[in-house]
Amino acid sequence: MADSLFVVLRKVALSLGERALERIGTEVVEAAPILTDFEHSMKQIEGEFSILQAFIGQVSAEKVGDKAFDAWLDQVRDVAHEVEDIIDEHAYLTAQAVVDTGSFFKRKFLQIKNFVAWQKFPNQISQVEARIQRLAEMRHRYGISIGELDRRNKLQHSNQLPMPDSAYLTDSSDIVGNVDEIGRLTQWLLEEKQDRTLITIFGMGGLGKTTVASSIYKSQKIRRAFDCHAWVTVSQTYQVEELLREIMNQLVDQRASIASSFMNMSRMRLVEVIQSCLQDKKYLIVLDDVWDKDAWLFLNSAFVRNSFGGRVLMTTRRKDVSSLAAGNYIIELKTLKCAESWELFCKKAFPASKDNICPENLRSWAEKIVAKCQGLPLAIVTIGSILSYRELEEQEWTFFYNQLSWQLANNPELNWISNVLNLSLNDLPSYLRSCFLYCSLYPEDYKIKRKAISKLWIAEGLVEERGDGTTMEEVAQCYLTELTQRSLLLVTERNACGRARTFLMHDLVQEVTSIIAKKEKVGVSYGDAGITQVAHEARRLSIQKGAQSLKSLAGSRLRSFILFDTEVPSSWIYDVLSRFRLLRVLCLRFSNIEQVPGVVTELYNLRYLDFSYTKVKQIPASFRKLAKLQVLDLRFSYVEELPLEITMLTNLRHLHVLVIHDLQERSLNCFGATKIPGNICHLKNLQALQIVSASKGLVSQLGSLTLMRSLAINKVRQSYIEELWNSLTKMPNLSRLVISACDMDEVLDLKMLKPLPNLKFFRLAGKLEAGVLPSIFSKFEKLAWLKMDWSGLKKDPIISFSHMLNLVDLRLYGAYGGEQLSFCVGWFPKLELLTLAHMERLSWIEIEDGTMMGLDHLELVGLGNLKVVPEGIKHIRTLHQMYLKDMPNGFIQSLQGSGSHIVKHIPSIHMFESSDSQAVNNLQFVPYLAKKFGPGATEHAPMYWGSSGT
């Protein structure tokens, strides 16, 4: 709950480390005393905030639901935001003084104007100091303090919800779904294994972990199999002694005379008593709602290993806790399937009707309500129960659905949903809570990209620098891993290396998170739901639709502005940006703009700038003013040359420029190459650079960029290769590489080059010397993704790739000029996607039984001489999708006739021509956007650009 302080403390530390007085030199010498006082005051405020943060962290667990504490905490956040405003204004003025290179009179005018702004700082800081003093007084006045500690120095329970107990009392006949999971649990509990076994049930809050456990626990078949049993709810704040006493009470049937004797026992004595009680028994202990591993470390010793077949069943929301179970004794609950969700909802919403049938007049709205619950049993049961005593009238159900967000925030009957989900949120440490609340800015069902969200968090100052050689991007990825382990984000897709690529937040989790983010002024997501203005206090704003309906959009405190609404005219965008001078993040992806708004280069605090998927053609030289910029994303824009001044942005970490000429990749030059004039040696923080146009100077300068992890370079000539490779070997962390020759006639000789040991993704486009694969390919053992374009290979290259056991994605576009390709048994055990395209002479593909045993997706494109369906496809039983584009009539006839038995096991087969723009859009471009950004992205994107990108 102290996350606002956490963010501000980081900013204070950074501002003190920037030595502003030295940076601005003599230009504003009149402000020197003010700057000195500013640094002194910030140090004092930093100390106060550190103590406040520690205090809040210590008392927040026992103050959940305490209205006085919540109100006081709101005041703390307001003060923290005031300090953040002062720091960011200070940073803005400092940057303006440093970067301004206008005329003498313009600079003098700004100096006078800004000196007035400098003079406001002492008064603003005094007001903050006075408010901090009042916060301390209010805390004492209203009794907000750390609770009394008991004699064992442990906090008593204060925030246990009735949810676990209520789930425990649920009639097992009400349970819908999880049949396989309950069957496995039953099997594990009753198996003959004599060792004590720990079994865990894992999943997000509201999935029914407690309900499933209780249905097992109450089963007479299970109870008869054990000599004794006990059930305790651990929760977030627990006292080990109390848990041990409760277990002991249940094991001895709670006989009062015995139970009372436990009250004064020490922890060790309680453990000994339980061990003695369980020594010769087959026991079943359920530990419900476990939040950390420490709880098991405390309790483990009490549950004796007696070779009588004891079982301990644990429910948890956290993956790290579930991993305590040895072997495979882990059940991960998933959301209910559509049919199961509907069945459960109807049971709760229509209990009085025969067979729980939904009235026809309500069906469409009932289906929308169930869809909103996304298979979360808690939400389905709670909402269904509320609707069970509403009138069966369409108007009332329509109103309820349209007001669902408001209901979640204000209806006490829906408290269960928000309380259960809030438990996970309140358990987050400060650094993680801020990052998770930021995720609420995305639209529903929008895939959260690992790389994108990491960059946004870093730009907002939410990610710590650990200083041990670990990059902030790697720290951010650790944050994402922790959020998935806590069941707050769901991994929806992994890249070829197995690393999570995209995440999804459950709709109701997002609803609850959005409510909290708005309440705490972290950020607001606007989606035209009857709102016409955004609060002045909002720190971050994402507009998903209906932007022009906003009548008031004050932005003096705004730090992030993310626009998803593509319907707004460019004039609206240019106008609104003039109000956001302290922005750190500006995302205008898919927006309707053709040039960079002039005000952008006055946003001196900007760290993240996204003009991808726009019609922007030129980047102005005034970008030199954006000295703090870390991310510049111009992918799928029309920018083909960057100004010389871009090399002055020494804080750049990610520079993405990509012009698309042909989305179908039918030629060597399907992607444009952007020119960067000048010397890039000073961009030493760059980790990603793509796609740039090669030159003799640039390939040499790349050697200075030793932090590079991802590089794409086009227009490469053979005369550049030796120097380019020499630069690449100086990048120890390089894992992604794209190299493309300048034209189809340029021959690249890679024979004598050193291998790049950490390369995992490699695209090589261009004719290879003598049509032979260079020997360095034998060293690419870590490769997971490989694409070869127009290589002119004379021998079947498949055998040369067969040692790449980690290869997941293989794409060959015009790479081979021979007639036959062979895939032998045992090759490519991890391959999931194979594309064979534009190999005109290829007439035969041999696929042995036992090769590519995990292949899911096969694309055959423009193989004009392949007249029959490869017989071996029938062996690949894992194949789910097959795309056939520009294939000859003979092949199609074979597929639909004599070869139909070969592909009958493939559920989805698509056949189309590249000239069919509608098919290309629906089968290539839209799926590409949906995969990259989630299903919602296709609503925010233009239709397929065509071959010219226009």
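In what order do the five strands of the open sheet with parallel pairing lie? The order is E2-E3-E4-E1-E5. Strands, labelled E, are DSSP runs of at least two residues, while helices are H or I runs of at least four, and both are numbered from the N terminus. Two strands pair if DSSP finds at least two bridges between them.

Before going further, a word on the model. It is a predicted one, in which local features need pLDDT of at least 70 and side-chain atom pairs count only at pLDDT 80 or more, whereas totals for chains, interfaces and linings use all residues. Residues are numbered from 1 along each chain as its sequence is written, and side-chain values use heavy atoms, with hydrogens and water left out.

Strand E1 (residues 197-202) runs parallel to strand E4 (residues 311-316), and six bridges join the two. If you look at phenylalanine 202, you will find threonine 316 of E4 opposite. Helix H7 (residues 179-190) lies across E1, strand E3 (283-290), E4 and E5, and runs at about 170° to E5. Helix H10 (residues 240-251) also packs on the sheet, where E2 and E3 are touched and the angle with the direction of E2 is about 155°. These angles run from 0 to 180 degrees between N-to-C directions, with axes fitted as lines to C-alpha atoms, for helices over the stretch in contact. Contact, or touching, means heavy atoms within 4.5 Å.

E6 pairs with strand E8 (residues 500-504) over two bridges, and isoleucine 448 has phenylalanine 503 in E8 as bridge partner.

Now zoom in on glutamine 510, in helix H24 (residues 507-519). This residue counts as buried because its relative accessibility is 7%; buried means under 20% relative accessible area, exposed over 50%, and partly exposed in between (1.4 Å probe, protein chains only). Glutamine 510 touches residues including Cys439, Tyr442 and Met505. A polar atom of its side chain lies 2.5 Å from the backbone oxygen of tyrosine 442.

Finally, visit aspartate 633 in strand E14 (residues 631-635). Aspartate 633 is buried, at 2% relative accessible area, and touches Arg589 and His656, among others.

Definitions and conventions:
Polar contact = N/O pair within 3.5 Å; in protein donor to acceptor, adjacent residues only side chain to side chain. Lists of a residue's contacts leave out its neighbours within four places in sequence.
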